[in-house]
Amino acid sequence: MNPLNLERAFAQANFYGGKTITVVVGSAPGGLYDLWGRLFARTMGKYIPGNPTMLVQNLPGGGSIVAANYLYGIAKPDGLTIGMFQTHLYLEQMVGRPEVKFDVRRFN
């Protein structure tokens, strides 16, 4: 058994190496959530094995509902898409808004 557990790091490096991770931000460019998404994308790529490229995609609309619906129903569940939504998004599901096509409990 390897005490440093390097096998996992190499496996992840092989997966993420040369790939692009998309950070879907549920607000317009220039806002606070956009700033946080861009800061996350600029910083996080260095800490993921394989050093993938990080790209920010803004999908504003409905207080992040458009972005959450995209992430839940359209984006591939391949580990290459991350969502950054407004914090109140779970309330939209709780009150039963018909525009909500996602289940926030499924966002890990």
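In what order do the three strands of the open sheet lie, and is their pairing parallel or antiparallel?

Modeller: This is a predicted model, in which local features need pLDDT of at least 70 and side-chain atom pairs count only at pLDDT 80 or more, while totals for chains, interfaces and linings use all residues. Residues are numbered from 1 along each chain as its sequence is written, and side-chain values use heavy atoms, with hydrogens and water left out.

The order is β2-β1-β3, and the pairing in this open sheet of three strands is parallel. Here strands (E, at least two residues) and helices (H or I, at least four) are DSSP runs numbered from the N terminus, and two strands pair if DSSP finds at least two bridges between them. At the edges lie β2 (53-58) and β3 (81-84), each of which pairs on one side only. On average, neighbouring strands are turned by 25 degrees against each other, with direction ignored; axes are lines fitted to C-alpha atoms, for helices over the stretch in contact, and angles run from 0 to 180 degrees between N-to-C directions.

Between β1 (residues 20-25) and β3, the parallel pairing extends over four bridges. For V24, the bridge partner in β3 is G83.

Helix α3 (residues 65-73) lies across β1, β2 and β3 and runs at about 140 degrees to β1. Helix α2 also lies across β1, β2 and β3, running at about 165 degrees to β2.

W36 belongs to helix α2, which spans residues 32-44. Because its relative accessible area is 49%, W36 counts as partly exposed, a class between buried (under 20%) and exposed (over 50%), with a 1.4 Å probe and protein chains only. Together with L32, L35 and L39, W36 forms a nonpolar patch on the surface, with about 440 Å² of accessible area in total. Such areas come from the Shrake-Rupley method with a 1.4 Å probe, and for residues only the protein chains shown count as cover.

How values were computed:
Patches are made of residues with over 30% relative accessible area and no salt bridge: like charges are joined within 9 Å, nonpolar side chains (Val, Leu, Ile, Met, Phe, Trp, Tyr) within 5 Å. A salt bridge is a side-chain nitrogen of Lys or Arg within 4 Å of a carboxyl oxygen of Asp or Glu. Contact means heavy atoms within 4.5 Å.
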